[in-house]
Amino acid sequence: MRTLSWVYLGAIFTFILLPVVVLVIFSFQDGRLPVPPFKGATLKWYAKILGDRDLMDALVNSMMVAILSSLVAVTLGFLAASGLARAALPGSALMRGLLIAPMTVSYLIIGLGLLQMFNQVGIRPSLLATGIGHVVINLPLCFAILYAAIGEHQKSALQAARDLGAREWQVLWHVAAPMLAPSLAAAFFLSFTFSWDEFIIAFLLTRFDVTLPVEIWSMLRSGLSPATNAVGSLVFLVSVAVVVTLELTLFRKGSK
Amino acid sequence: MSIERIEKRQGATLVAPALLWTLIFFVLPFLAMALMSLSHLEGRSVVSGPDLRNYAKIFTEASLLKGIAVSLEITVLVTVISVALAWPLAWIIATRVPVRWRRLALLLAVLPFWTSYVVRSYSWALVLGEKGVVMNALVGLGMLSEPVQIMATRSATVTGFVHFFVMLLTLTIYSNLVQLSPNYARAAEDLGASRWQVIRLVILPLTLPGVVTGAFLTFVLCIGDYITPQILGGNNELTLPQLIMLQLGRRGDYPMASALSLVLMLIVTLAYLACARWLKMERV
């Protein structure tokens, strides 16, 4: 069974890593098509995409939408989680359910609903509309993470602060936020990742200014090209850098 | 005012922004969509109902009915294959890989997670294409005399999906496995169970709740996805999300797109109820 295990591990790792390896290798292809045979290495595709205005604009747009929508989602989630942990409100189970509900609905449907509503009230497709959609999909996640992080210990610390005369905003800012900092960071980074990579909502809700996944999508329509490989490899590189940084800083303490 | 009432008022004030956001940008659009699904398109204009024409059409028109069937078939297939591939992987990482390499193995197993979703599907298009790496290797090794068409077929869609969900399920099953006390396996071994029996009769059943949760997640994400079938499956057979996008793109038929979306939601809800019921029974 030992040999079998290693054979299986080798086979499945090949399957899992194959597309990424092929993607990265053929981003250096010195030729027009990113398929075998490999004709030699060049960096010209990277130069091409880094000089592509539309692509770089899309990258900046994605970055902005991801940062701002994640900030809003984390803030709303944080306030709601503190509120529901603060007092036994009537219907609090219902409120929790409502806040979590968007998690169970596919992005396509959320995007479609927003598109129709925005059409009816005359809001044009834009980055703002996309950002609103991204808050909708990330708020449940942020709320769930932060609500789960507030345990009995945290509750009594907050209560103590109130008993000592802190105002509500002081309790949130000086006690709750620092205490929940790791969870706040986790919620923010997860939201950022989801927004950064989200396609269908951005596809439905943007028109002229688009996000990176939508721009990549339109690159695909012109067929296979090493330029698309180069974009994909860059996105991959940036994400891996972020993950490795997190692994070495934020999560290292937790694992020991 | 009593302290309790102050507390409640403050709590409510804090929850209000998130609740309002969810009501305005989630519940309201959903209601608008439900209402829209009850109107229908005549020519280029929307005739408001309420009527059930769209729903009647969904369950009579062959192309739409087929979309539902195709989506269900692909999703069930993907879920089953992904679980079958991910479970052994998670188990090997949790029990066979030396402790110090475990974290690295897990990181490698989910590495492609960090490319963008659109790019991942594109990569499979590269790999599976007629001139791609796989066909090149198979023909080069003499296992095939000429390339076989995989791209733009259901096999390509399923491959792309399985790739993504194996990673997801490996994570959920792994976290389930490492929580199990090693004593279960030891006890079974002491009582004379062979290694296969330990896995089949002890470990596997203990991970079932985690497997079912992961499988449900796979089902929901898979059946609602537009990107993978669009890039890899082509237009030969359309899934439900592809049909929804087609209504929008080609005809601007918002009522039909809305009705199809509600059907999609209904399917997901039914799957959820089935899983919830099963998990509840398991606990009793």
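How much area is buried between domain 1 of chain A and domain 2 of chain A? About 680 Å² is buried there, and carbon and sulfur atoms give 78% of this area. Buried area is the accessible area (1.4 Å probe) that two parts lose on being put together, summed over both.

The model is predicted: local features need pLDDT of at least 70, side-chain atom pairs count only at pLDDT 80 or more, and totals for chains, interfaces and linings use all residues. Residues are numbered from 1 along each chain as its sequence is written, chains are lettered from A and ligands numbered from 1 in the order written, and side-chain values use heavy atoms, without hydrogens and water.

Chain A has 13 helices and zero strands. Helices (H or I, at least four residues) and strands (E, at least two) are DSSP runs, numbered from the N terminus. The C-alpha atoms of chain A fill a box of roughly 70 × 60 × 35 Å along the principal axes.

Domain 1 of chain A covers 61–221 and domain 2 covers 223–256, with bounds from an automatic or database domain assignment. Eight residues of domain 1 and seven residues of domain 2 form the contact (heavy atoms within 4.5 Å). The C-alpha centres of the two domains lie 23 Å apart.

In chain B, helix 1 (residues 3–36) has a kink of about 40° at Ala16(B), shortly before Pro17(B). The bend is the angle between axes fitted to the seven residues ending at a residue and the seven starting there.

Key. Expected span 1.5 Å × (residues − 1).
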